[in-house]
Amino acid sequence: MEYRRKHGGIGQARLAYLLACLATMFNRANGGEAQLHDFLPGVPEQKPVEIIDAEQMMMFWSKPA
């Protein structure tokens, strides 16, 4: 309760994200192939990153999030 008093509730954006995660998990558990962006419009589809060698891998990991 102290955290909630200090910072407020989880907010609509966080709630929408959590519900989209649940929907994706239920879809996958039942044989679907949905991605998070299917349930959360506005989230871009993640494209796979092709890494050819160890140097590229280290550069990819060292990028800020």
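The model is predicted; local features need pLDDT of at least 70, side-chain atom pairs count only at pLDDT 80 or more, and totals for chains, interfaces and linings use all residues. Residues are numbered from 1 along each chain as its sequence is written, and side-chain values use heavy atoms, without hydrogens or water.

The chain has four helices and zero strands (DSSP runs: H or I of at least four residues for helices, E of at least two for strands). Its radius of gyration, taken over C-alpha atoms, is 17 Å, whereas a compact globule of 65 residues would have one near 11 Å (2.2 Å times the number of residues to the power 0.38). The C-alpha atoms fill a box of roughly 50 × 35 × 20 Å along the principal axes. Buried residues make up 6% of the 65.

One salt bridge is found in the whole structure (a side-chain nitrogen of Lys or Arg within 4 Å of a carboxyl oxygen of Asp or Glu). It joins Glu-2 and Arg-5, with the closest N and O atoms 3.3 Å apart. The two residues lie three apart in helix α1 (residues 2–7), so about one helical turn separates them. The table gives their exposure (buried is under 20% relative accessible area, exposed over 50%, partly exposed in between; 1.4 Å probe, protein chains only).

| Residue | Relative accessibility | Class |
|---|---|---|
| Glu-2 | 55% | exposed |
| Arg-5 | 62% | exposed |

The largest pocket is lined by Gln-35, Leu-36, His-37, Val-43, Pro-44, Glu-45 and Gln-46 (a pocket is an open set of points on a 1 Å grid over the protein atoms alone, where a 1.4 Å probe fits, with protein on both sides within 12 Å along at least five of seven lines; lining residues have an atom within 4 Å of a point).
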